[in-house]
Amino acid sequence: MNERFPADWLTLREPADHAARSEPLLDRLRDWCRDRESLRIADLGAGTGSNLRYLAPRLPVPQHWTLVDHDPDLLALASVPASLPPTTLRTVCADLGEWVLATTAPELVTASALLDLVSRHWLDRLVRGCLHHRAAALLVLSYDGDVSWTAPDPEDAFVRAAVNEHQARDKGLGAALGPLAPVVAADRFRAAGYRVWTEPSPWQIDAGALALAEPLVAGWVEAAAEQLPEAAVRIRDWGARRLEDLRTGRTTLRVGHRDLLALPDPDR
Ligand SMILES: C[S@@+](CC[C@H](N)C(=O)[O-])C[C@H]1O[C@@H](n2cnc3c(N)ncnc32)[C@H](O)[C@@H]1O
C-alpha cells in the first residue's frame, strides 16, 4: 500500500516542479513572514528536500526546517544549500499516519507533491493541526487530474480516467484524494477560518523533456493497466504512440497541478 518514490524520479522531476510553482503565492507567503525573526517550518513527505531547496533561498527570514518522510534513504540526501547559514535542518523518519505536528510546533507547514496521496481524514487532521498552531500552510504541486495534449489522441480521455481512478487508491494514508485534493484542501482550510489562495502549477512537457516524459507515461500506463487489466494492450499501445508523438514534436503535454496557500486569519 505504501507507495515508494525512487530518488532518481524525484531528481528528474525537481526542475519541472520548481519551474511550475506559483510565484504569486510565494510573494504572499514572503509578505506574511517578512517581519518575523525566524520561521519554524515542517515539510511533510519531504523526500530528498526539493521543497527546501526551492523555498529556503526565497524566504526573507532565518529558517528552522524539519523534514518528515518515512523513507530514510531519501531523507539522507537532504541538505541545506551552502549559501544559507542561518537555516537549520532536522530530519524525522516517520510515517505521516502517526507523526503529529505538535513535535515541531511549526509556524509554516508545507508539502510538495504530497496532497493527492492523502485521505480526507488525514487532510482534516492536518487542517486541525495547522489551526492549533496558527500555522500557515503552503501545499504545492498537488495533481489535479487535468492532463491535456496539444494534439489529441482518441484514447487520451480513456487512459486519463483510468489513471485518475487509480490515483484514488490507498497510498498508505487511507483512500487517496487523488485529483480532488486541491479543491478539498481549499474547502477545508476555508471552513477552518483560513484565508486561502490557489494557483495552477502545471508541468509543460515537450520533446526537450523526454527524460521526464518517459517514466511519467510509463507510470500512467502501469496504473491504467492495473485499473483496467482487460484493456492493458490498448493502454500500452496508447503509451507507445504518445511517447512517439512527444519525441517527434507532434504534440506537447500539460500535466495539471495546483498550489495552495492558506494563511491564518489575523482577526481570529
Ligand atoms: C511524490 S514524493 C514528493 C517528495 C518531495 N516532497 C518532492 O517534492 O520531491 C512523495 C513523498 O511522500 C513520502 N510519503 C508518502 N507517503 C508517506 C507516509 N505515509 N509517511 C511519510 N512519508 C510519506 C514519500 O516517501 C515521498 O518522499
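Is Tyr194 buried or exposed, and how many C-beta neighbours does Tyr194 have inside 10 Å? Here are some notes, starting with that residue.

1. **Basis.** A word on the ground rules before the details. This is a predicted model, in which local features need pLDDT of at least 70, side-chain atom pairs count only at pLDDT 80 or more, and totals for chains, interfaces and linings use all residues. Residues are numbered from 1 along each chain as its sequence is written.

2. **Tyr194.** Tyr194 counts as buried, because 21 C-beta neighbours lie inside 10 Å. For burial, C-beta atoms are placed from the backbone, and a residue is buried if 20 or more other C-beta atoms lie within 10 Å of its own, exposed if 12 or fewer, and partly exposed in between. Tyr194 sits in the loop between α7 and β6. Helices here are DSSP runs of H or I with at least four residues, strands are runs of E with at least two, and both are numbered from the N terminus. Leaving aside neighbours within four places in sequence, Tyr194 is in contact with Phe189, Ala262, Leu263, Pro264 and Asp265. Two residues are in contact if their C-beta atoms, placed from the backbone, lie within 7 Å. Asp265 is 71 residues from Tyr194 in sequence, yet 5.5 Å away in space, C-alpha to C-alpha.

3. **Helix α7.** The buried residues in α7 are Ala181, Pro182, Ala185 and Phe189. They lie on the same side of α7, because they cover an arc of only 90° around the axis; the arc is that of the directions from the helix axis to the C-beta atoms. Their packing partners are α5, β5 (136-149), β6 (195-200) and β8 (253-263). Just after α7, Gly193 takes a positive phi of about 95°.

4. **The α5/α7 pair.** Helix α5 (residues 120-133) packs with helix α7 (residues 181-191) at an angle of about 35°, and their axes are 10 Å apart. Axes are lines fitted to C-alpha atoms, for helices over the stretch in contact, and angles run from 0 to 180 degrees between N-to-C directions. On the α5 side the contact is made by Arg120, Leu123, Asp124 and Val127, and on the α7 side by Val184, Ala185, Arg188 and Phe189. These residues divide into 5 nonpolar, no polar and 3 charged. In this grouping Ala, Val, Leu, Ile, Met, Phe, Trp, Tyr, Cys and Pro count as nonpolar, Asp, Glu, Lys and Arg as charged, and the others, Gly among them, as polar.

5. **The ligand shell.** Which residues come nearest to the ligand? Of the 21 residues around the ligand, these are Gly45, Gly47, Ser50, His70 and Ser112. Near means that the C-beta atom of a residue, placed from the backbone, lies within 6 Å of the molecule. The elements giving two or more residues to this shell are α1 (7-20) and α3 (50-55). By type, the shell divides into 9 nonpolar, 8 polar and 4 charged residues.

6. **Positive phi outside glycine.** Two residues may be worth a look here. Ala105 has a positive phi of about 40° although it is not a glycine, and its place is in the loop between β3 (88-93) and β4 (108-112). Ala105 is exposed, because 12 other C-beta atoms lie within 10 Å. Arg134, also not a glycine, has a positive phi of about 50° and belongs to the loop between α5 and β5. Arg134 counts as exposed, with 12 C-beta neighbours inside 10 Å.

7. **Gly145.** Gly145 lies in strand β5 and is partly exposed, since 19 other C-beta atoms are within 10 Å. Not counting residues up to four places away in sequence, Gly145 touches Asn164, Gly178, Pro179 and Gly256. Between the C-alpha atoms of Gly145 and Thr104, 41 residues apart along the chain, the separation is 32 Å.

8. Arg30 is in helix α2 (residues 23-33) and is partly exposed, with 13 other C-beta atoms within 10 Å. Apart from residues up to four places away in sequence, Arg30 touches Leu59 and Pro60. Pro72 belongs to helix α4 (residues 72-75) and counts as exposed, with 9 C-beta neighbours inside 10 Å.
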